[in-house]
Amino acid sequence: MSAQRDWEELRSRCEACRACALGEGRHKLVFGVGPQRTPVLFVGEGPGQQEDLQGEPFVGAAGKLLDEMLSIIDLGRHNCYIANIVKCRPPGNRDPKPEEQTACIGYLYEQIRLLEPKIIVCLGRISAAALIESNYRITRQHGQWVEKGGVWYTAIYHPSALLRDLSKRPETFLDLLSVRQKIRQVCPELYQNA
Ligand code: URA
């Protein structure tokens, strides 16, 4: 099957999914955005209100900040992929429950298989706990790199946390520079093609 068909087939399965209760309450599935093959993947937690209405990740206030953070290191929605741990909105912006994450994360793994990223940047604790280490401590471990199965993982503060707490921004700036450095090391073609 072509990559295009694989992506379409995966999206239709997500559209039809009712593996947890979140599928019943959503307006739109928030599948993910970006090229079908890219070395850099950012993973948030789950859709908020605006994302649920528009069907695209990070389009609300946190999304505007994420776009600014990406542009600092010459990234954007055209050259990296953005997804979430869960694809349907948890009501009232609560954290996705463990069983909701378990029901949904297989779709993210399938996206990772199709994208073949070399770098995965977790946005916030929930994403880092799901993808890097279950007891991840974001305050202590953000910006550190871990290699697993040929893929480099790191976590940075979630943009919503940076909206609430400006004091976290200088550290996040350094973490972003470290992401840029890692891109130059492991997938320099991303910048050469820019
Ligand atoms: N927060 C997230 O974690 N993901 C989104 O898509 C939007 C806000």
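This is a predicted model: local features need pLDDT of at least 70, side-chain atom pairs count only at pLDDT 80 or more; totals for chains, interfaces and linings use all residues.
**Entry: the ligand's neighbours**
With that cut-off I looked up who surrounds the ligand. I found G44, E45 and G46, then E51, P57 and F58, and finally N84 and H158.

At E45, a polar backbone atom is 2.8 Å from an oxygen atom of the ligand. F58 also uses its backbone: an N or O atom there lies 3.0 Å from a ligand oxygen. For N84 I had to look at the side chain, where a polar atom lies 2.8 Å from a nitrogen atom of the ligand. How much of the ligand does the protein bury? I read 92% of the 230 Å² that the ligand exposes when taken alone.

**Entry: the pocket**
The space it takes is the largest pocket.

**Entry: the sheet**
I turned to the strands and traced an open sheet of five, in the order β2-β1-β3-β5-β4, with mixed pairing. At its edges I found β2 (81-84) and β4 (146-148), each of which pairs on one side only. On average, neighbouring strands of this sheet are turned by 25° against each other, direction ignored.

Last, I followed β4 to its partner β5, residues 151-156; the two pair in the antiparallel sense over three bridges. Here I noted E147 standing opposite W152 in β5.

Terms used. Residues are numbered from 1 along each chain as its sequence is written. Side-chain values use heavy atoms; hydrogens and water are left out. Two strands pair if DSSP finds at least two bridges between them. Helices (H or I, at least four residues) and strands (E, at least two) are DSSP runs, numbered from the N terminus. Axes are lines fitted to C-alpha atoms, for helices over the stretch in contact, and angles run from 0 to 180 degrees between N-to-C directions. A residue is near a molecule or strand if one of its heavy atoms lies within 4 Å of it. A polar contact is a pair of N or O atoms within 3.5 Å; within protein, one must be able to donate a hydrogen and the other to accept it, and residues adjacent in sequence count only if both atoms are side-chain atoms. Accessible areas come from the Shrake-Rupley method with a 1.4 Å probe; for residues, only the protein chains shown count as cover. On a 1 Å grid over the protein atoms alone, a cavity is a set of points where a 1.4 Å probe fits but cannot get out, and a pocket is an open set with protein on both sides within 12 Å along at least five of seven lines; lining residues have an atom within 4 Å of a point. A molecule sits in a cavity or pocket if more than half of its atoms lie within 2 Å of its grid points.
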